[in-house]
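Student: Please pick one part of this structure and look at it closely. Then show me how the parts around it are arranged.

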Amino acid sequence: MVIHAHPDDESSKGSATVARYHDEGVYTILVCCTGGEEGDILNPAANSPGVRENIATIRHEELHNAAGVIGYDEVVHLGYRDSGMPDSPANHHPEAFANVPLEAVVSKLVAEIRRTRPQVIITYPDERNHYPHPDHIRVHDASLPAFNAAGDPSLYPDAGKPWQPSRLFYVLFSGGRILEMHEQFLLAGKQSPFDKRWLERAASWSAKKSIIRIDVTGYTHIRRKALLAHATQIDPQSPFWFGLPDDVIDKIAPYDEYELARYVDGTGKIIIVGDHSAKALSRSDATSGVGTAPTVDSAPGTGTTTGIDTVTGAGAISDTSDTVQDAAGTGSSAAILASVQNDLFG
Ligand SMILES: [Zn+2]
């Protein structure tokens, strides 16, 4: 199950991975939280009054076309309204995704997880410092408590039979790929569309320890094809999306990148993975934090706790947990990181 904010996010992030797994027989589910009503029409050829008036319907169709290209077996619409870019008037719309109580969103996600019983959930990292789109932040903030609660029979009893997914990954806009693409633009004597801000963001991702790479050799063209299905949103002339030919992309970056954020260990505990370490989220801790939305602070700390995700909020995490494990050592986090390299199910 892959949780995205808007139509087109499913194409730009991780689409080749989904195509690969679909071909390998994995049942693939896209959860799209909003209708993308606030998306700008970025393809000049598709910009007409008729398109602007019917943007919600058109984006719905574009999403289904793209999902077909990628190979999603199922598309779930949560039906929320696009909250718009940061500081835009749409932020204040009462029906905007970012204004819906978090508990309601979590409840819907829990119901979908229990209905479809995925082993793996893919969602967004905390991007408050890099790409603070309110809907992307909402996806992150709702996915974590949904993952924690779905397997707990005491929570959301009306949302179906409990089911605990095994792993939760963050999809990255592949830092390694951006850095390598930037090099290729320069080598070809072209202007790179990746500015300093992009390069810093890409470098910060690449430096993370819990990054895994999924080989998508033979599937890199899927991203281009799926993006083009979003005819109103994607300019076919965009150097950002299409500035390098497929064969160059195939050569330099035939992979998608993810960060392992959560997994369930052999005893059923949910383990939170940081850059260098992991700590356990006990079942009772997981449940007590749902109503108050435990938030993960991904900013690296100092000293011995460098890189450990810390969870704040009522009763979210017990620092005295006796199951803290060291991902850099021989603990199970290191083992699972090794096993999921090039296989989300590994
Ligand atoms: Zn988006």
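**A helix under cover**

Tutor: The cover over the buried residues of helix 5 includes strand 2 (29-34), strand 3 (74-80) and helix 6 (134-149). Helices (H or I, at least four residues) and strands (E, at least two) are DSSP runs, numbered from the N terminus. A residue is buried if 20 or more other C-beta atoms lie within 10 Å of its own, exposed if 12 or fewer, and partly exposed in between, with C-beta atoms placed from the backbone. This is a predicted model, where local features need pLDDT of at least 70, side-chain atom pairs count only at pLDDT 80 or more, and totals for chains, interfaces and linings use all residues. Residues are numbered from 1 along each chain as its sequence is written.

Which residues of helix 5 are buried? They are V105, V106, S107, K108, L109, V110, E112 and I113. Helix 5 spans residues 102-116, which makes 15 residues. From its first C-alpha to its last, helix 5 reaches 21 Å, close to the 21 Å expected at 1.5 Å a residue. The expected span is 1.5 Å times one less than the number of residues. An α-helix has 3.6 residues a turn, so residues three or four places apart point the same way.

Now step off the end of the helix. R117 follows helix 5. R117 sits in the loop between helix 5 and strand 4 (120-123). Its phi is positive, about 50 degrees, although R117 is not a glycine. Most residues other than glycine have a negative phi. R117 counts as partly exposed because it has 15 C-beta neighbours inside 10 Å.

Y156 also has a positive phi, about 45 degrees, and is not a glycine. Y156 is in the loop between helix 6 and strand 5 (167-171). Y156 counts as buried because it has 22 C-beta neighbours inside 10 Å.

Go back to the start of the chain. M1 belongs to the segment before strand 1 (2-4). M1 touches I113 and T116, and also I29, V31, P118 and I121, leaving out residues up to four places away in sequence. I113 is one of the buried residues of helix 5. Two residues are in contact if their C-beta atoms, placed from the backbone, lie within 7 Å. M1 and I121 are 120 residues apart in sequence, yet their C-alpha atoms are 4.9 Å apart in space. M1 counts as buried because 23 C-beta neighbours lie inside 10 Å.

Of the contacts in the protein chain with a separation of 6 or more, 75% join residues 24 or more positions apart. The chain has 13 helices and 11 strands. Of its 346 residues, 45% count as buried.

Other helices pair up. The axes of helix 4 (residues 55-70) and helix 9 (residues 220-228) come within 8 Å and cross at roughly 165 degrees. Axes are lines fitted to C-alpha atoms, for helices over the stretch in contact, and angles run from 0 to 180 degrees between N-to-C directions. Helix 4 and helix 9 are therefore roughly antiparallel to each other. Angles under 35 degrees count as roughly parallel, over 145 as roughly antiparallel, 65 to 115 as roughly perpendicular and the rest as oblique. A66, V69 and I70 of helix 4 meet I222, K225 and A226 of helix 9. By class, this contact has five nonpolar, no polar and one charged residues. Ala, Val, Leu, Ile, Met, Phe, Trp, Tyr, Cys and Pro count as nonpolar, Asp, Glu, Lys and Arg as charged, and the others, Gly among them, as polar.

Helix 7 (residues 175-187) and helix 8 (residues 196-206) pack at about 135 degrees, with axes 7 Å apart. Helix 7 and helix 8 are therefore oblique to each other. G175, G176, I178, L179 and H182 of helix 7 contact W198, L199, A202, A203, W205 and S206 of helix 8. The residues here divide into seven nonpolar, four polar and no charged.

I234 is in the loop between helix 9 and helix 10 (239-242). The C-alpha atoms of I234 and N43 are separated by 5.6 Å, although they are 191 residues apart along the chain. I234 counts as buried because it has 24 C-beta neighbours inside 10 Å.
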